[in-house]
Structures are given as structure tokens and as C-alpha cells.
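Hi everyone, thanks for making time. I'd like to walk you through one model today, so let me put it up on the screen.

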Amino acid sequence: VRQIRHVQRTAQCAGGSGAASFVHRDTPDNNPDTPFDFTPENYKRLDVILSSYPEGHKSAAVIPLLDLAQRQHGWLPISAMNKVAELLNMPCMRVYEVATFYTMFNRKPMGKYHIQICTTTPCMLRESDSIVECVTKKLGISIGETTPDKLFTVTEVECLGACVNAPMVQINDNYYEDLTAKDMEEIIDELKAGKIPKPGPRSGRFSCEPAKGLTSLLEPPKGPGFGIQPGL
């Protein structure tokens with residue numbers, strides 16, 4: 001009898017690798033005095049972002065600015081949140097509310113490669129558990145942990161919107177789809193070698209077309225008026 005899949009404590013992955021509590025606790029690596037400021041290049045990007053928002057509504061840029069801070073720093077310390085609040089002239093608490101609500105913001109140090117494994121129903125039915133087992137076994141860590149070399153962080157996530165290509169994972173900004181355990185091992189090996197594996201389906205599909213070929217739209221569309229009664 002196949003072993004029933006145990007329930008993963010997904011809440012511990014929220015906010016990036018084990019932030020079950022939404023209450024901030026100062027640590028040596030994450031406190032208001034942690035050095036953070038945007039680079040000159042990112043200040044230029046920041047100005048472009050803010051130019052999209054009318055006066056009096058700059059606070060609406062909080063998500064893209066937090067994302068910019070995280071991309072620069074690798075994760076989102078509280079000092080980066082405070083900097084965003086300062087630039088947008090909004091209370092720090094409002095920035096904290098956004099950063100703790102969206103799981104895309106990682107409030108703990110992360111590995112260089114963030115492997116997010118979808119285990120929601122479509123992926124689970126397509127053996128996402130085998131992907132979880134493969135990744136954790138190959139890296140020697142559990143869900144929500146980071147490898148000692150700070151290269152990989154693994155989290156379990158809810159639906160990433162690629163159900164037709166299940167099972168799949170997101171690694172940083174790239175989707176890897178139609179996976180097998182062997183595919184996942186090859187992807188990890190390439191990342192360890194400093195390469196970026198080609199994103200997309202690993203099954204030979206171009207995108208999300210039917211796996212056994214097209215079942216409709218097999219010929220060019222008919223011209224205007226096709227099928228309409230001659231008298232109309």
C-alpha cells in the first residue's frame with residue numbers, strides 16, 4: 001500500500017524559509033542597523049518606477065520597491081523595509097504589513113538559488129512528492145532550509161499557475177516544468193556548475209500544448225462569413 005503523503009507545514013515557509021511568525025525579532029543579521037541603501041543604478045530604477053505613480057499615490061509603489069530591494073540584497077531585512085518606507089514617506093508598519101503578507105518577500109537570508117516546489121493538487125497528482133524527495137535528498141536539507149554553502153534554499157509553495165505542466169518548480173525567476181526526478185537532478189547539477197538551465201518544459205513540449213499533439217485548430221481558420229446562411 002502506498003504511503004499516504006504527510007502534510008507539510010507550509011506556513012513555516014511563508015515569508016521565505018521558515019518565517020512562521022509574522023513578528024520581527026532582531027538578529028545580528030537582521031535588525032534596524034543592518035546596512036542597506038539602494039545602489040546608484042537602483043536609484044535610477046527607483047525613479048523610473050515612481051514616475052508611473054501620480055503625486056499623492058507614491059505609496060502604491062511599495063511592492064515594486066520592496067522587490068527591487070530584495071533583488072539587490074538577496075533577501076529583505078527590516079532595514080530595507082525601513083528604507084522603502086522612508087522613500088515613500090509612509091509609516092514603517094504599512095511596509096511591514098505588505099512584506100509579511102506576500103510570500104514572495106523573503107525575510108530571512110536565502111540561498112543564491114531559491115527552489116520553490118509546488119505541491120498543490122495538480123502537481124501532487126503528477127508526483128510532485130518525488131520532486132520534493134529528490135531535491136531534499138540531493139541537497140541534504142529539508143523543506144524550509146538552506147544548504148551550508150548558501151547556494152540553495154528549498155521551500156514548498158502553493159499553486160504557481162503552471163498546472164498543465166505539472167509537476168513544476170520555480171527557481172528564482174524561472175519555471176521548470178514537466179519534471180521528473182532525473183530532470184531535477186540535472187537542473188541542480190547545472191546550477192552547481194554555475195550554469196543556468198534552460199527554463200520551460202523538460203518533456204519536449206514547446207509550451208503548454210497537449211502532450212500528445214494538437215486536438216483542435218488543426219487547419220487555418222476559415223475566412224469571414226464562414227458557416228453563415230447565404231441570405232444573411
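I'll talk about a pair of helices and then about some backbone details. Please keep in mind that this is a predicted model.

Let's begin with the helix pair. Two packed helices are described by the angle between their axes and the distance between the axes. Here, helix α3 covers residues 78-88 and helix α4 covers residues 92-101. Their axes come within 9 Å and cross at roughly 125 degrees. As for handedness, α3 passes α4 in a right-handed crossing.

Which residues make the contact? From α3 we have I78, M81, N82, V84 and A85, and α4 brings in C92, V95, Y96 and A99. By type, the contact has 8 nonpolar residues, 1 polar residue and no charged ones.

Now to the backbone. Have a look at the peptide bond between A166 and P167: it is cis, with omega at about -5 degrees. P167 sits in the loop that links β2 (152-157) with β3 (169-171).

Next come positive phi values. E127 is not a glycine, yet its phi is positive, about 70 degrees. You'll find E127 in the loop between α5 (121-125) and α6 (128-139). D178, also a residue other than glycine, has a positive phi near 50 degrees, and D178 belongs to the loop between β4 (174-177) and α7 (181-192).

Are these two buried or partly exposed? E127 is partly exposed, at 38% relative accessible area, while D178 counts as buried, at 10%.

Definitions and conventions. Residues are numbered from 1 along each chain as its sequence is written. This is a predicted model: local features need pLDDT of at least 70, side-chain atom pairs count only at pLDDT 80 or more; totals for chains, interfaces and linings use all residues. Side-chain values use heavy atoms; hydrogens and water are left out. Axes are lines fitted to C-alpha atoms, for helices over the stretch in contact, and angles run from 0 to 180 degrees between N-to-C directions. Helices (H or I, at least four residues) and strands (E, at least two) are DSSP runs, numbered from the N terminus. A crossing is left-handed if the near helix is turned anticlockwise from the far one by less than a right angle, and right-handed if clockwise. Contact means heavy atoms within 4.5 Å. Ala, Val, Leu, Ile, Met, Phe, Trp, Tyr, Cys and Pro count as nonpolar, Asp, Glu, Lys and Arg as charged, and the others, Gly among them, as polar. Buried means under 20% relative accessible area, exposed over 50%, partly exposed in between (1.4 Å probe, protein chains only).
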